[in-house]
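Subject: Structure handover

Hello,

Here is the structure for you to take over. Please open it first, then read my notes below.

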Amino acid sequence: MVERKKHFANVAFGGGWSEDLVAAGELFAVLDVLRRAARECGMRDVRDEALGEALAHVHDRVEKGPMLVDGLRRALAEPDPARRVAQARRYVKMIEEWAGV
């Protein structure tokens, strides 16, 4: 059996990859909140604290974030439920594309 020390000799622990995993996990959680909001916004007002935090994340960490967040906020304020859902989904898709997902 290979000694553990030799077995893991070429494996780097810590460093950038672990921070990248955390950032990717945060991004997927944010996108889940946005997708749920787009899916449910035709039935209820989805503008809650979780959505606000997700939008702040996009605003601060996604290229074109401020523009995309503004558009999604306008979409969620659309009075017509069918248009609201369509526009919200369109903005969530753009956010996913700009976030590289």
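A term to start with: buried means under 20% relative accessible area, exposed means over 50%, and partly exposed lies in between (1.4 Å probe, protein chains only).

Now the ground rules. This is a predicted model, in which local features need pLDDT of at least 70, side-chain atom pairs count only at pLDDT 80 or more, and totals for chains, interfaces and linings use all residues. Residues are numbered from 1 along each chain as its sequence is written, and side-chain values use heavy atoms, with hydrogens and water left out.

**Confidence**

pLDDT is the predictor's confidence in each residue, from 0 to 100. The protein averages 84. A score of at least 70 is reached by 76% of the residues. Confidence is lowest in helix H1 (residues 4-7), with a mean of 48. It is highest in H4, at 98. Helices here are DSSP runs (H or I, at least four residues), numbered from the N terminus; strands would be E runs of at least two.

**The core**

A nonpolar core is a set of buried Ala, Val, Leu, Ile, Met, Phe, Trp, Tyr and Cys residues joined through side-chain atoms within 4.5 Å. The largest one has 24 residues. Those with the most contacts inside it are Leu34, Leu51, Val58, Leu72, Leu76, Ala88 and Ile95. H2 supplies the largest share, 7 residues. In soluble globular proteins, nonpolar side chains tend to be buried together.

Look at leucine 34. Contact means heavy atoms within 4.5 Å. Leaving aside neighbours within four places in sequence, leucine 34 is in contact with Leu51, Ala54, Leu55, Val58, Leu72, Val92 and Ile95.

**Salt bridges**

A salt bridge is a side-chain nitrogen of Lys or Arg within 4 Å of a carboxyl oxygen of Asp or Glu. How many does the whole structure hold? A search finds 6.

One of the salt bridges joins the side chains of arginine 35 and glutamate 96, at 2.5 Å from N to O. Arginine 35 lies in helix H2 and glutamate 96 in helix H5, so the pair ties together parts 61 residues apart in sequence. Their C-alpha atoms are separated by 9.8 Å. Glutamate 96 counts as buried, at 16% relative accessibility. Arginine 35 is partly exposed, at 28%. Not counting residues up to four places away in sequence, arginine 35 touches Val92, Glu96 and Val101.

Another salt bridge is between glutamate 26 and arginine 61, whose side chains meet at 3.8 Å, N to O. This pair also links distant parts of the chain: glutamate 26 is in helix H2, arginine 61 is in helix H3, and they are 35 residues apart. Glutamate 26 is partly exposed, at 37% relative accessibility. Arginine 61 is exposed, at 59%.

Aspartate 45 forms a salt bridge with arginine 47, with the closest N and O atoms 2.9 Å apart. Is aspartate 45 buried or exposed? It is exposed, with a relative accessible area of 51%. Arginine 47 counts as partly exposed, at 48%.

There is also a network: salt bridges that share partners join Asp32, Arg35 and Glu96.

Best wishes
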